[in-house]
Amino acid sequence: MSRKIEITTNEKTYFIEALKNGIRLNGRQFNEMRTPSNIFLSKDEYGYIELEWGLTKISCRVSSFIRKPFEDRPFEGIFNINCEINSMASKQFENGKNSDEEVLISRIIEKSIRRSNSLDLESLCIISGEKVWSITVDLNFLNFDGNFIDIGCFGVMLALSHFKKPDITIINGGKDIIIHDINEREPQPLSILHIPICLTYSFYNTSQNVEENIKGESDEDAIYLLDCDYKEDLLKDGSIIITLNKNREIIQLSKNGGIPIDVNILLDLSLNSIKFVNELTDLIKTLIKDHEQQRFTELNLKLLQVGADR
Amino acid sequence: MSRMEIYSPEGLRLDGRRWNELRRFESKINTHPNSSDGSSYVEQGNTKVICMVQGPMEPSSRSQADSTKATIEVNLSVASFSTFERKKRSKSEKRMVELKATLERTFEQSVMCHLYPRTLIQVDVTVLAQDGGLLASVTNAITLALIDAGIAMYDYVSCISVGLYDQTPLLDLNGLEEKDISTLTIGVIGKTEKLALLMLEDKIPLDNLESILGIAIAATHRLRDLMDDEVRKHGNVRASKLAKN
């Protein structure tokens, strides 16, 4: 097991006292997210992004190739998310060994995106039973400052929206295909059905008496923080991950242990989350739109349009 | 074959239940008195689970000893004959690791771990038959086995799955229903409204969450009573044996 990072009792008490007075050490409100910064959308290749979210840093690459589909699903493309967490991010993660924590992170990202069908797999089919696109997302965590799940999910969705696969023509009555080079024909974006957004709430028990809290005799002592950072993550008493999309659908809910959460609080948190989901979904859309626009002007693609006045 | 109807207009489900009916819940505790410190057997409909608890005992390796509280280790094995289609399942499968971690973390909170420092509580669960509500039955079985082992807990952890068909919540899904509609599994501590465990894997509309949780919590309270009856029945049997001697 990797060495756990220990936090002194002093620091912990200080942190809890601050929370009791309504203060987070990083100066944010309880339900305030950090905003992603330094977002890099690659101009040369489709589907490579990097972003920073607080000090958490991730990179995400989408790649595609053509292969034979699984026999039981001849009409569906193949989609995989590959999550890499190693000690580059933080020393609490160990190289080459999947701890429970890491499995949970990748499972939840996978459930949110893959299981919820956010990528239309049938549109990846080229010739049924013969050739389909296989899309793989490699998600690498470069630095850890809390909240891997939310940021990872956001990054993957941004990368998928950014990605374009080469155009294809089917010839010989559906026997062969021509893959057009991306310089020859404008490549096609993926068809994304909805954008899932994960939100992680960490909770902290501020009362001394754990028993009262677990038995539900005192409610007021639990504090819920959105988008926790490094220190908050180490000190948390539990967390709940809510994945939603803009259509007000809950895609995934999970609470793996930690102090129990009251039903009413859960409902409040989910209803409040809609606001952030809308913001983040719009952010992905505007980022992609601006990027497209920029490419369009830089490469002077207007000249290539059908109606262009040459 | 006629098309299967998850929920008929008359309000009946595939197995003839109404929307708010539980399946037959049967439990036994102290099923393996010689081979374990605590054991239980739970049947929820056709889902059958055996659970055995060893400990609190000295951990075999140093790394498992925590000087402040007990460590809980859950080993989940799903028998290859547990489903209709025979299939070997490996323990390293991501889904299994996730379930195991979820169970461990849930019980770390509801067991009074601080009373047993430097010890290991080992929970071995075997799933004999699966027909929906796997996580729920496993959780209930572990609760009973821990009680049988005499390990201090705050209260029962009772767990149930609920699905949503159109606008109607359906309680305690069986295997066929679980394949078709999205399922939420919740675990509640005692007779409170506090959720110790929560897992939802498919889409449900946000606005239906409240109605689903409502029925699920009522069901967990009912399950807690059923488990409590079983524990008390067993307690009485033991007490009468003691009185005879």
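A crossing of two helices is left-handed if the near helix is turned anticlockwise from the far one by less than a right angle, and right-handed if clockwise. This briefing applies that term to a predicted model, in which local features need pLDDT of at least 70, side-chain atom pairs count only at pLDDT 80 or more, and totals for chains, interfaces and linings use all residues. Residues are numbered from 1 along each chain as its sequence is written, while chains are lettered from A and ligands numbered from 1 in the order in which they are written. Helices (H or I, at least four residues) and strands (E, at least two) are DSSP runs, numbered from the N terminus.

**Helix H1 of chain B**

- H1(B) covers residues 94-110, 17 residues in total. Its first and last C-alpha atoms are 25 Å apart, close to the expected 24 Å, a span defined as 1.5 Å times one less than the number of residues.
- Among the buried residues of H1(B) are Leu99(B), Leu103(B) and Phe107(B); buried denotes 20 or more other C-beta atoms within 10 Å of the residue's own, with C-beta atoms placed from the backbone.

**The side of chain B that touches chain A**

- Contact involves 34 residues of chain B and 33 residues of chain A, two residues being in contact if their C-beta atoms, placed from the backbone, lie within 7 Å.
- On the chain B side, H1, S9 (194-200), S10 (204-205) and H4 (209-244) each supply at least two residues. The largest share, ten residues, comes from H1(B).
- This side of chain B has 16 nonpolar, seven polar and eleven charged residues. Ala, Val, Leu, Ile, Met, Phe, Trp, Tyr, Cys and Pro count as nonpolar, Asp, Glu, Lys and Arg as charged, and the others, Gly among them, as polar.

**Helix and strand pairs between the chains**

- H2(A), residues 100-115, packs with H1(B) at about 115 degrees, with the axes 9 Å apart; axes are lines fitted to C-alpha atoms over the stretch in contact, and angles run from 0 to 180 degrees between N-to-C directions.
- The crossing of H2(A) and H1(B) is left-handed. Its contact residues include Leu104(A) and Arg107(A) of H2(A) and Glu98(B) and Ala101(B) of H1(B), and the contact as a whole has four nonpolar, no polar and four charged residues.
- S15(A), residues 261-262, and S9(B) pair in the antiparallel sense over two bridges; pairing requires that DSSP find at least two bridges. Ile261(A) stands opposite Leu195(B).

**A helix pair within chain A**

- H3(A), residues 148-162, and H6(A), residues 263-298, pack at about 35 degrees with axes 10 Å apart, in a right-handed crossing.

Terms used: Buried ≥ 20, exposed ≤ 12 C-beta atoms within 10 Å, placed from the backbone.
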